Amino acid sequence: MPRRRPRALRAEHPVSRVWGPTPPFRIHGLSAGASLAVHQAEHLSDSFNIHPGATDSALRRYRAFLHPPGRRPLYPRESFCSCTWCSFDDVRHARDVLERLPERARAELGRLMRPMDAVFLRRTLPDPFVHRRQWRTGFWWYRRLVDRSEWG
Ligand SMILES: [Zn+2]
């Protein structure tokens, strides 16, 4: 395979004047339009957790968590560090990020996530003590058994 010349590579990754040095990229499984909507929302977001690329990271993390073959139950695990990057160690954080999407991308992402949510529900176990907990139990993905107590 001939090596591609640098100019050809540059043309594929134009630097956007509007959205900074990170070119809008296509999020796997999303249309170009929805990817762009996500990209713009991430750039404009002032939320600590919604940084450029957050949605893509969240999708990858969610897929990776559900990936192990077999029927053994899966247990979400808390992240030991709460910085923007390490937070993704906790798959529930990834699911949070995917919930906070711009309207334009939500329908498409919803279609992508419904089967993943179904697998998550099938492979995780309900937390029998969820009624004793206060922390984020409004989200169904926080009402599953984790492999470490939320209180350490
Ligand atoms: Zn960290």
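Predicted model: local features only at pLDDT ≥ 70, side-chain atom pairs only at ≥ 80, totals over all residues.
**Entry 1: helix 3 and helix 5**

On the helix 3 side I found L59, Y62, R63, F65 and L66, and they meet L109, L112, M116, D117, V119, F120 and R123 in helix 5. Sorted by class, this contact has nine nonpolar residues, three charged residues and no polar ones. I then noted the geometry: helix 3, residues 54-66, packs against helix 5 at an angle of about 35 degrees, and the axes lie 10 Å apart. I recorded the crossing of helix 3 and helix 5 as left-handed.

**Entry 2: helix 4 and helix 5**

Next I turned to helix 4 (residues 91-99) and helix 5 (residues 103-123), which pack at about 155 degrees with their axes 11 Å apart. Angles over 145 degrees count as roughly antiparallel, and helix 4 and helix 5 are therefore roughly antiparallel to each other. Helix 4 passes helix 5 in a left-handed crossing. In helix 4, I listed V91, R95, L98 and E99, which meet R106, L109, M113, D117 and F120 of helix 5. I counted five nonpolar and four charged residues in the contact of helix 4 with helix 5, with no polar ones.

**Entry 3: the zinc ion**

Which residues coordinate the zinc ion? I found the SG atoms of C81, C83 and C86, at 2.2 to 2.4 Å. Along the chain, the donors follow the spacing C-x1-C-x2-C. I also checked accessibility: C81 is partly exposed, with a relative accessible area of 35%. C83 also counts as partly exposed, at 26% relative accessibility.

Conventions: Residues numbered from 1 in each chain as written. Heavy atoms only, no water. Axes fitted to C-alpha atoms, helices over the stretch in contact; angles between N-to-C directions. Helix = DSSP H or I, 4+ residues; strand = E, 2+ residues; numbered from the N terminus. Parallel < 35°, antiparallel > 145°, perpendicular 65-115°, else oblique. Left-handed = near helix turned anticlockwise from the far one by under 90°. Contact = heavy atoms within 4.5 Å. Nonpolar A, V, L, I, M, F, W, Y, C, P; charged D, E, K, R; others polar. Donors = N, O, S within 2.8 Å, 3.2 Å for Na, K, Ca; no water. Buried < 20%, exposed > 50% of the residue type's maximum accessible area, 1.4 Å probe, protein only.
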